[in-house]
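User: I'm new to this one and would like a quick tour. Could you take my questions one at a time?

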Amino acid sequence: SSCNDVCVVSDGSAVLSAHFDGHLRVFDPRSTTLQQDVALHSARITGLHLLHDDHRLLTTSRDNTLQIIDLRTYEPIVTLKDDTYRCSADWSRSCASWDGEWVAAGNADGAVCIFSTKTGKLKTSLRAHTSAAVCCSWSGQTGLLASCSRDKENNVVIWSG
């Protein structure tokens, strides 16, 4: 299955890859052998984001859900979803806040959806894009959130507070 995203655990102990078949694959970087093949989503995984604690992984999927996975057990901790959330592209990337309390994910309607990692529920939607929001990045020190979209104007929006 084709690979859509990859990340390396900060201590270098594992390489994680997101795949078209909805699986997360875990490789040992020393031997390059496959250690785990975990079926997580019913559609392709478009993005991976390693949370600051290095024990949790956020996945973004075309099945219109996001999951936070415990990397010690490869089991889902919480599924984030809402009837209004639609993963906008095969290259969509979501992110978590520095403290791991919140997830930002771009929506097909142009909104940036903010989910609670405790409940898995949508807390609010930020609106500035006029086309699908595809990627988000959150600064740990400043609290700034940036999102980008396919807009010809306002393709990068910086959110504060």
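User: Over how many bridges do strand S10 and strand S11 pair?

Analyst: Strands here are DSSP runs of E, at least two residues long, numbered from the N terminus, and two of them pair if DSSP finds at least two bridges between them. S10 covers residues 102-106 and S11 covers residues 111-116. Gly106 stands opposite Val112 in S11. The pairing is antiparallel, and the number of bridges is five.

User: Before we go on, what kind of model is this, and how are residues numbered?

Analyst: It's a predicted model, where local features need pLDDT of at least 70, side-chain atom pairs count only at pLDDT 80 or more, and totals for chains, interfaces and linings use all residues. Side-chain values use heavy atoms, with hydrogens and water left out, and residues are numbered from 1 along each chain as its sequence is written.

User: Which strands stand at the edges of the open sheet?

Analyst: The sheet has four strands in the order S9-S10-S11-S12, with antiparallel pairing. A strand at the edge has a single partner strand, so one side of it is left without a neighbour in the sheet. That describes S9 (95-96) and S12 (122-127).

User: Is Ser116 buried or exposed?

Analyst: Ser116 sits in strand S11, and its side chain reaches the backbone nitrogen of Lys118 at 3.1 Å. Buried means under 20% relative accessible area, exposed over 50%, and partly exposed in between, using a 1.4 Å probe and protein chains only. At 12%, Ser116 is buried.

User: Lys118 meets which residue in a salt bridge?

Analyst: A salt bridge puts a side-chain nitrogen of Lys or Arg within 4 Å of a carboxyl oxygen of Asp or Glu. For Lys118 the N to O distance is 3.2 Å. Lys118 lies in the loop between S11 and S12 and its partner in the loop between S9 and S10, so the pair ties together parts 17 residues apart in sequence. The partner is Glu101.

User: How far apart in sequence are the parts tied together by Asp5 and Arg93?

Analyst: Their closest N and O atoms are 3.2 Å apart, in a salt bridge. Asp5 is buried at 15%, whereas Arg93 is partly exposed at 23%. Asp5 lies in strand S1 (residues 3-8) and Arg93 in the loop between strand S8 (75-80) and S9, so the separation is 88 residues.

User: How many disulfides are there?

Analyst: A disulfide needs a pair of cysteine sulfur atoms within 2.5 Å. For Cys148, the nearest cysteine sulfur, that of Cys135, is 4.3 Å away. The count is zero.

Technical notes. A polar contact is a pair of N or O atoms within 3.5 Å; within protein, one must be able to donate a hydrogen and the other to accept it, and residues adjacent in sequence count only if both atoms are side-chain atoms.
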